[in-house]
Amino acid sequence: MALDIYAAKDLNHAFEIASMDSEKRMEDHEVSEPEEIGHFLYDIRNELTNYTCYYQFDPYREIQLEADQVPAIKTFSQSIVKWLEEHGTEENRVIQQYGLSFPKIRRFADKLGHVCDVAMEHGYGLSGLGD
């Protein structure tokens, strides 16, 4: 399952961004979840801030989070980075269990935070498009 998250006014705007040619696409407006990251995040959810807000995104459907929820998602992305910094010795276990390296998880968390910044800058919410 794939989940893409967009800084967008609404779902229609997210679909517009998603359908743009790769040369014109606004890459700072989108982030894609790496495969298996949903399972990883669920398993460490008690150590993350605002996981329940992030969990509203669903790889099986579309959802729009309003602009007032974007700061919570930004805090969530920062809590992933903090978890990685505090659990460096667990990288091999995470790779074995989920097939995810810490740099890959970090890139996702950083990109998610950046998409949140773009959304807040424009007064947008976040659109999650699953497949």
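**Entry 1: loop residues**

I began with Asn50, which sits in the loop between helix 2 and helix 3 (51-54). The model is predicted: local features need pLDDT of at least 70, side-chain atom pairs count only at pLDDT 80 or more, and totals for chains, interfaces and linings use all residues. Residues are numbered from 1 along each chain as its sequence is written, and side-chain values use heavy atoms, with hydrogens and water left out.

I noted that phi of Asn50 is near 65°, a positive value in a residue other than glycine. Most residues other than glycine have a negative phi. At 29% relative accessibility, Asn50 counts as partly exposed. Here buried means under 20% relative accessible area, exposed means over 50%, and partly exposed lies in between, with a 1.4 Å probe and protein chains only.

I then looked up Glu36, in the loop between strand 2 and helix 2 (37-43). Glu36 also is not a glycine, and has a positive phi of about 75°. Its relative accessibility is 34%, therefore I list Glu36 as partly exposed.

**Entry 2: the whole chain**

I counted six helices and four strands in the secondary structure of the protein. From the N terminus on, the elements run β-α-β-α-α-β-α-α-α-β. The radius of gyration is 14 Å, close to the 14 Å that the globule rule gives for 131 residues, so the protein is as compact as a globular protein of that length. That radius is taken over C-alpha atoms, and the rule is 2.2 Å times the number of residues to the power 0.38.

Along the principal axes, the C-alpha atoms fill a box of roughly 40 × 30 × 25 Å. I found that 42% of the 131 residues count as buried. Of the contacts between residues at least 6 apart in sequence, 74% join residues at least 24 apart; contact means heavy atoms within 4.5 Å.

I traced an open sheet of four strands in the order 2-1-4-3, with antiparallel pairing. Two strands pair if DSSP finds at least two bridges between them. Strand 2 (30-32) and strand 3 (62-65) are the edge strands, and each pairs on one side only. The twist averages 15° from one strand to the next.

I went through the pairings in turn. Strand 1 and strand 2 are antiparallel over three bridges, and Asp4 stands opposite Ser32 in strand 2. Strand 1 and strand 4 are antiparallel over six bridges, with Ala8 opposite Gly125 in strand 4. Strand 3 and strand 4 (residues 125-130) run antiparallel and are joined by four bridges. In that pairing, Ile63 stands opposite Gly128 and Leu65 opposite Leu126.

Five of the six residues of strand 1 are buried, so this strand is largely enclosed by the rest of the structure. In a regular strand the side chains alternate between the two faces of the sheet. I saw that strand 3 has a covered face, Ile63 and Leu65, and an uncovered one, Glu62 and Gln64.

**Entry 3: helices on the sheet**

I recorded that helix 1 (residues 11-18) lies across strand 1 (3-8), strand 3 and strand 4, running at about 110° to strand 1. Helix 6 (residues 102-122) lies across strand 1, strand 2 and strand 4, at about 155° to strand 2. Axes are lines fitted to C-alpha atoms, for helices over the stretch in contact, and angles run from 0 to 180 degrees between N-to-C directions.

In helix 1, I listed His13, Ala14 and Ile17 as buried. Seen down the axis, the buried residues of helix 1 fall within an arc of 100°, so they line one face of the helix. The arc is that of the directions from the helix axis to the C-beta atoms. What covers these residues includes strand 1 and strand 4.

At the start of helix 1, a side-chain oxygen of Asp10 reaches to within 3.1 Å of the backbone nitrogen of Asn12.

**Entry 4: Ser127**

I ended with Ser127, which is found in strand 4. At 0% relative accessibility, Ser127 counts as buried. A polar contact of 2.3 Å joins the side chains of Ser127 and Gln64. Such a contact is a pair of N or O atoms within 3.5 Å; within protein, one must be able to donate a hydrogen and the other to accept it, and residues adjacent in sequence count only if both atoms are side-chain atoms. A polar atom of the Ser127 side chain also lies 3.4 Å from the backbone oxygen of Asp10. Leaving aside neighbours within four places in sequence, the residues in contact with Ser127 include Tyr6, Leu11, Ala14, Phe57 and Ile63.

How values were computed: Helix = DSSP H or I, 4+ residues; strand = E, 2+ residues; numbered from the N terminus.
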